[in-house]
Amino acid sequence: MIKVVKDLEDTPTSLNERKTNRKRDNCIKDAKYHYKKAFDQQYKQQDVKTNLKKIYNEKCAFCEQKIRECKDNNLEDCSQTIEHYRPKGKYYWLAYSWDNLLWCCHRCNQNKDNHFEIDSNQIEYEESFRENIHTSTNNYQELENPKMINPEIESVLDKLSFYDGVIDSNDVRLKYTIKQCGLDRDDLNEARQIIIEDFIEKLIDKKLKNEPLIEDLKELISEFKNQESEFRALRYWISKNYMSLID
Ligand SMILES: [Zn+2]
(Lines give C-alpha, C1' and ligand atoms only; values in the text may rest on other atoms or scores of the structure.)
Protein backbone atom coordinates (compact mmCIF):
# COMPACT_ATOMS: atom_id res chain seq x y z
CA MET A 1 0.00 0.00 0.00
CA ILE A 2 1.37 3.38 -0.97
CA LYS A 3 -0.07 6.88 -0.87
CA VAL A 4 -1.64 8.01 -4.12
CA VAL A 5 -2.19 11.65 -5.04
CA LYS A 6 -5.53 12.46 -6.65
CA ASP A 7 -6.60 15.94 -7.75
CA LEU A 8 -10.09 16.23 -6.28
CA GLU A 9 -10.80 19.34 -8.35
CA ASP A 10 -10.27 17.37 -11.56
CA THR A 11 -13.52 15.41 -11.34
CA PRO A 12 -14.31 13.26 -14.40
CA THR A 13 -17.14 14.91 -16.35
CA SER A 14 -19.40 11.86 -16.29
CA LEU A 15 -19.69 12.03 -12.48
CA ASN A 16 -21.49 15.35 -12.89
CA GLU A 17 -23.58 14.59 -15.96
CA ARG A 18 -27.35 14.72 -15.78
CA LYS A 19 -27.77 10.95 -15.87
CA THR A 20 -25.43 10.49 -12.91
CA ASN A 21 -27.04 13.31 -10.96
CA ARG A 22 -30.44 11.70 -11.47
CA LYS A 23 -29.18 8.36 -10.13
CA ARG A 24 -27.54 10.10 -7.16
CA ASP A 25 -30.77 11.99 -6.43
CA ASN A 26 -32.68 8.75 -6.62
CA CYS A 27 -30.42 7.03 -4.09
CA ILE A 28 -30.59 10.02 -1.75
CA LYS A 29 -34.38 10.20 -2.05
CA ASP A 30 -34.75 6.49 -1.17
CA ALA A 31 -31.87 6.59 1.35
CA LYS A 32 -30.27 3.52 -0.23
CA TYR A 33 -28.08 2.47 -3.13
CA HIS A 34 -29.94 0.75 -5.95
CA TYR A 35 -28.03 -2.38 -6.86
CA LYS A 36 -28.90 -2.28 -10.56
CA LYS A 37 -26.75 -2.31 -13.69
CA ALA A 38 -28.00 1.14 -14.74
CA PHE A 39 -26.88 2.58 -11.40
CA ASP A 40 -23.54 0.75 -11.43
CA GLN A 41 -22.76 1.91 -14.96
CA GLN A 42 -22.68 5.55 -13.92
CA TYR A 43 -19.53 5.24 -11.81
CA LYS A 44 -17.85 2.99 -14.40
CA GLN A 45 -17.84 5.47 -17.26
CA GLN A 46 -14.76 5.52 -19.45
CA ASP A 47 -13.48 8.88 -18.20
CA VAL A 48 -13.57 7.63 -14.59
CA LYS A 49 -11.62 4.53 -15.56
CA THR A 50 -9.10 6.48 -17.64
CA ASN A 51 -8.48 8.97 -14.84
CA LEU A 52 -8.17 6.38 -12.08
CA LYS A 53 -5.94 4.17 -14.19
CA LYS A 54 -3.56 7.09 -14.74
CA ILE A 55 -3.61 8.28 -11.12
CA TYR A 56 -2.96 4.77 -9.82
CA ASN A 57 -0.38 4.00 -12.53
CA GLU A 58 -2.51 0.99 -13.43
CA LYS A 59 -1.96 -0.54 -9.98
CA CYS A 60 -4.36 -1.71 -7.28
CA ALA A 61 -4.87 0.78 -4.41
CA PHE A 62 -4.31 -1.96 -1.84
CA CYS A 63 -1.97 -4.70 -3.14
CA GLU A 64 0.03 -2.48 -5.57
CA GLN A 65 -0.10 -5.04 -8.36
CA LYS A 66 -0.69 -3.99 -11.97
CA ILE A 67 -4.26 -4.54 -13.15
CA ARG A 68 -5.17 -5.66 -16.65
CA GLU A 69 -7.48 -3.30 -18.56
CA CYS A 70 -11.03 -4.53 -18.93
CA LYS A 71 -12.75 -4.26 -22.29
CA ASP A 72 -16.34 -4.13 -21.09
CA ASN A 73 -18.39 -3.21 -18.10
CA ASN A 74 -19.08 -6.75 -17.01
CA LEU A 75 -17.18 -6.77 -13.73
CA GLU A 76 -17.94 -10.40 -12.98
CA ASP A 77 -15.43 -11.45 -15.65
CA CYS A 78 -13.09 -8.63 -15.12
CA SER A 79 -9.85 -8.36 -13.19
CA GLN A 80 -10.11 -4.59 -12.86
CA THR A 81 -12.72 -2.89 -10.75
CA ILE A 82 -13.60 0.48 -9.37
CA GLU A 83 -13.82 0.28 -5.62
CA HIS A 84 -15.78 2.51 -3.25
CA TYR A 85 -13.61 3.31 -0.23
CA ARG A 86 -16.81 3.84 1.78
CA PRO A 87 -19.21 1.09 0.66
CA LYS A 88 -21.99 2.47 -1.54
CA GLY A 89 -24.56 0.36 0.31
CA LYS A 90 -24.00 2.20 3.59
CA TYR A 91 -22.94 5.54 2.08
CA TYR A 92 -25.44 5.65 -0.79
CA TRP A 93 -24.85 9.36 -1.47
CA LEU A 94 -21.15 8.69 -2.20
CA ALA A 95 -21.69 6.14 -4.98
CA TYR A 96 -20.59 8.70 -7.61
CA SER A 97 -18.21 10.81 -5.54
CA TRP A 98 -14.76 11.30 -6.99
CA ASP A 99 -13.04 11.17 -3.60
CA ASN A 100 -14.67 7.82 -2.82
CA LEU A 101 -13.57 5.93 -5.94
CA LEU A 102 -10.37 3.88 -5.93
CA TRP A 103 -8.69 1.73 -8.60
CA CYS A 104 -8.65 -1.78 -7.20
CA CYS A 105 -7.97 -5.34 -8.39
CA HIS A 106 -10.79 -7.85 -8.43
CA ARG A 107 -9.28 -9.96 -5.61
CA CYS A 108 -8.82 -7.05 -3.16
CA ASN A 109 -12.23 -5.68 -4.11
CA GLN A 110 -13.95 -9.01 -3.48
CA ASN A 111 -12.13 -9.46 -0.17
CA LYS A 112 -12.85 -5.93 1.02
CA ASP A 113 -16.51 -6.27 0.03
CA ASN A 114 -18.58 -4.18 2.47
CA HIS A 115 -16.06 -4.34 5.32
CA PHE A 116 -15.77 -0.86 6.70
CA GLU A 117 -15.67 -0.75 10.49
CA ILE A 118 -15.49 2.60 12.20
CA ASP A 119 -14.59 3.53 15.78
CA SER A 120 -17.14 6.35 16.07
CA ASN A 121 -20.67 6.91 14.80
CA GLN A 122 -21.43 6.66 11.10
CA ILE A 123 -22.02 9.95 9.33
CA GLU A 124 -25.67 10.40 8.37
CA TYR A 125 -26.57 12.10 5.11
CA GLU A 126 -27.29 15.83 5.22
CA GLU A 127 -28.55 18.00 2.34
CA SER A 128 -25.51 20.27 2.64
CA PHE A 129 -23.31 17.33 1.47
CA ARG A 130 -24.50 17.91 -2.10
CA GLU A 131 -22.48 21.11 -2.41
CA ASN A 132 -19.15 19.27 -2.11
CA ILE A 133 -20.25 15.82 -3.12
CA HIS A 134 -16.83 15.02 -4.68
CA THR A 135 -14.60 16.43 -1.96
CA SER A 136 -16.41 16.02 1.35
CA THR A 137 -15.13 12.75 2.76
CA ASN A 138 -11.77 14.06 4.01
CA ASN A 139 -13.82 15.57 6.81
CA TYR A 140 -15.43 12.22 7.60
CA GLN A 141 -12.12 10.57 8.51
CA GLU A 142 -11.67 12.37 11.82
CA LEU A 143 -15.33 12.03 12.75
CA GLU A 144 -15.71 8.33 11.98
CA ASN A 145 -12.19 6.97 12.59
CA PRO A 146 -12.48 4.18 10.01
CA LYS A 147 -10.28 1.11 10.46
CA MET A 148 -9.68 0.82 6.72
CA ILE A 149 -6.67 2.79 5.48
CA ASN A 150 -7.45 5.29 2.73
CA PRO A 151 -4.45 5.25 0.35
CA GLU A 152 -5.45 8.65 -1.05
CA ILE A 153 -5.15 10.29 2.35
CA GLU A 154 -2.60 8.37 4.40
CA SER A 155 1.00 7.31 4.01
CA VAL A 156 1.71 4.05 5.81
CA LEU A 157 5.21 3.38 4.47
CA ASP A 158 6.94 3.38 7.85
CA LYS A 159 4.37 1.12 9.48
CA LEU A 160 4.71 -1.92 7.22
CA SER A 161 7.05 -4.91 7.35
CA PHE A 162 7.61 -7.65 4.76
CA TYR A 163 9.68 -10.44 6.38
CA ASP A 164 9.63 -13.49 4.05
CA GLY A 165 7.39 -11.43 1.73
CA VAL A 166 4.54 -11.48 4.24
CA ILE A 167 3.01 -8.04 4.73
CA ASP A 168 2.47 -7.16 8.39
CA SER A 169 2.19 -4.22 10.76
CA ASN A 170 1.91 -3.39 14.47
CA ASP A 171 -0.68 -0.76 13.61
CA VAL A 172 -4.23 -1.86 14.44
CA ARG A 173 -5.78 -0.16 11.41
CA LEU A 174 -3.21 -1.60 9.04
CA LYS A 175 -3.77 -5.07 10.48
CA TYR A 176 -7.49 -4.61 9.79
CA THR A 177 -6.84 -3.43 6.20
CA ILE A 178 -4.40 -6.29 5.52
CA LYS A 179 -6.90 -8.82 6.85
CA GLN A 180 -10.00 -7.48 5.10
CA CYS A 181 -8.33 -7.02 1.71
CA GLY A 182 -6.37 -10.29 2.04
CA LEU A 183 -3.07 -8.52 1.39
CA ASP A 184 -1.20 -11.44 2.98
CA ARG A 185 -2.55 -13.95 0.44
CA ASP A 186 -0.10 -16.58 -0.81
CA ASP A 187 0.41 -15.30 -4.36
CA LEU A 188 1.26 -11.80 -3.13
CA ASN A 189 3.60 -13.10 -0.41
CA GLU A 190 5.39 -15.23 -2.98
CA ALA A 191 5.72 -12.41 -5.52
CA ARG A 192 7.16 -10.12 -2.84
CA GLN A 193 9.51 -12.81 -1.51
CA ILE A 194 10.99 -13.28 -5.00
CA ILE A 195 11.85 -9.55 -5.13
CA ILE A 196 13.47 -9.73 -1.67
CA GLU A 197 15.46 -12.87 -2.43
CA ASP A 198 16.71 -11.60 -5.80
CA PHE A 199 17.92 -8.39 -4.24
CA ILE A 200 19.49 -9.96 -1.15
CA GLU A 201 21.28 -12.58 -3.27
CA LYS A 202 22.84 -9.82 -5.35
CA LEU A 203 24.00 -8.00 -2.22
CA ILE A 204 25.45 -11.12 -0.56
CA ASP A 205 27.32 -11.90 -3.76
CA LYS A 206 28.83 -8.40 -3.83
CA LYS A 207 29.66 -8.58 -0.15
CA LEU A 208 31.53 -11.87 -0.59
CA LYS A 209 33.55 -10.33 -3.40
CA ASN A 210 34.18 -7.23 -1.28
CA GLU A 211 32.49 -5.05 -3.87
CA PRO A 212 30.49 -1.89 -3.00
CA LEU A 213 26.70 -2.25 -2.67
CA ILE A 214 25.89 1.35 -3.51
CA GLU A 215 24.82 0.83 -7.14
CA ASP A 216 22.33 -1.89 -6.22
CA LEU A 217 20.91 0.24 -3.43
CA LYS A 218 20.58 3.21 -5.77
CA GLU A 219 18.72 1.03 -8.25
CA LEU A 220 16.38 -0.23 -5.52
CA ILE A 221 15.62 3.32 -4.37
CA SER A 222 14.98 4.48 -7.91
CA GLU A 223 12.56 1.55 -8.34
CA PHE A 224 10.84 2.63 -5.13
CA LYS A 225 10.58 6.22 -6.38
CA ASN A 226 9.30 5.18 -9.79
CA GLN A 227 5.51 5.64 -9.60
CA GLU A 228 5.04 2.81 -12.09
CA SER A 229 6.82 0.13 -10.06
CA GLU A 230 4.79 -2.60 -8.43
CA PHE A 231 5.22 -3.15 -4.67
CA ARG A 232 6.81 0.22 -3.96
CA ALA A 233 6.17 -0.07 -0.21
CA LEU A 234 8.08 -3.36 -0.21
CA ARG A 235 11.05 -1.78 -2.02
CA TYR A 236 11.08 1.04 0.54
CA TRP A 237 11.10 -1.51 3.38
CA ILE A 238 13.98 -3.47 1.78
CA SER A 239 16.02 -0.27 1.46
CA LYS A 240 15.58 0.35 5.21
CA ASN A 241 16.23 -3.23 6.31
CA TYR A 242 18.75 -4.72 3.86
CA MET A 243 21.52 -4.77 6.49
CA SER A 244 19.66 -7.18 8.73
CA LEU A 245 18.53 -9.25 5.74
CA ILE A 246 22.03 -9.95 4.44
CA ASP A 247 23.42 -10.91 7.87
ZN1 LIG B 1 -5.29 -5.68 -5.16
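The buried residues of α6 are covered in part by α4 (106-112). The model is predicted; local features need pLDDT of at least 70, side-chain atom pairs count only at pLDDT 80 or more, and totals for chains, interfaces and linings use all residues. Residues are numbered from 1 along each chain as its sequence is written, and side-chain values use heavy atoms, with hydrogens and water left out.

Helix α6 spans residues 172-181. Helices (H or I, at least four residues) and strands (E, at least two) are DSSP runs, numbered from the N terminus. In α6, Leu174, Tyr176, Thr177, Ile178, Gln180 and Cys181 are buried. Buried means under 20% relative accessible area, exposed over 50%, and partly exposed in between (1.4 Å probe, protein chains only). At the start of α6, a side-chain oxygen of Asp171 comes within 3.0 Å of the backbone nitrogen of Arg173. Just after α6, Gly182 has a positive phi of about 65 degrees.

Ser169 lies in the loop between α5 (138-144) and α6. Ser169 counts as buried because its relative accessibility is 4%. A polar atom of the Ser169 side chain lies 2.7 Å from the backbone oxygen of Lys159. Beyond its neighbours within four places in sequence, Ser169 is in contact (heavy atoms within 4.5 Å) with Lys159, Leu160, Leu174, Lys175 and Ile178.

Aromatic rings were examined next. Rings of Phe, Tyr and Trp (its six-membered ring) pair if their centres lie within 6.5 Å; planes under 30 degrees apart count as stacked, over 60 as edge-to-face and the rest as tilted. The count by this rule is 15 aromatic pairs. Tyr91 and Phe116 form an edge-to-face pair, because their ring centres are 5.8 Å apart and their planes stand at 85 degrees. Tyr91 is in the loop between β1 (80-84) and β2 (101-105) and Phe116 in the loop between α4 and α5, so the pair ties together parts 25 residues apart in sequence. Tyr91 is buried, at 1% relative accessibility. Phe116 is also buried, at 4%.

Trp93 and Phe129 form a tilted pair, 6.0 Å centre to centre with 35 degrees between the planes. Trp93 lies in the loop between β1 and β2 and Phe129 in the loop between α4 and α5, so this pair ties together parts 36 residues apart in sequence. Trp93 is buried at 1% relative accessibility, and Phe129 is buried at 13%. Ring pairs link Tyr85, Tyr91, Tyr92, Trp93, Phe116, Tyr125, Phe129 and Tyr140 into a cluster.

Terms used: Polar contact = N/O pair within 3.5 Å; in protein donor to acceptor, adjacent residues only side chain to side chain.
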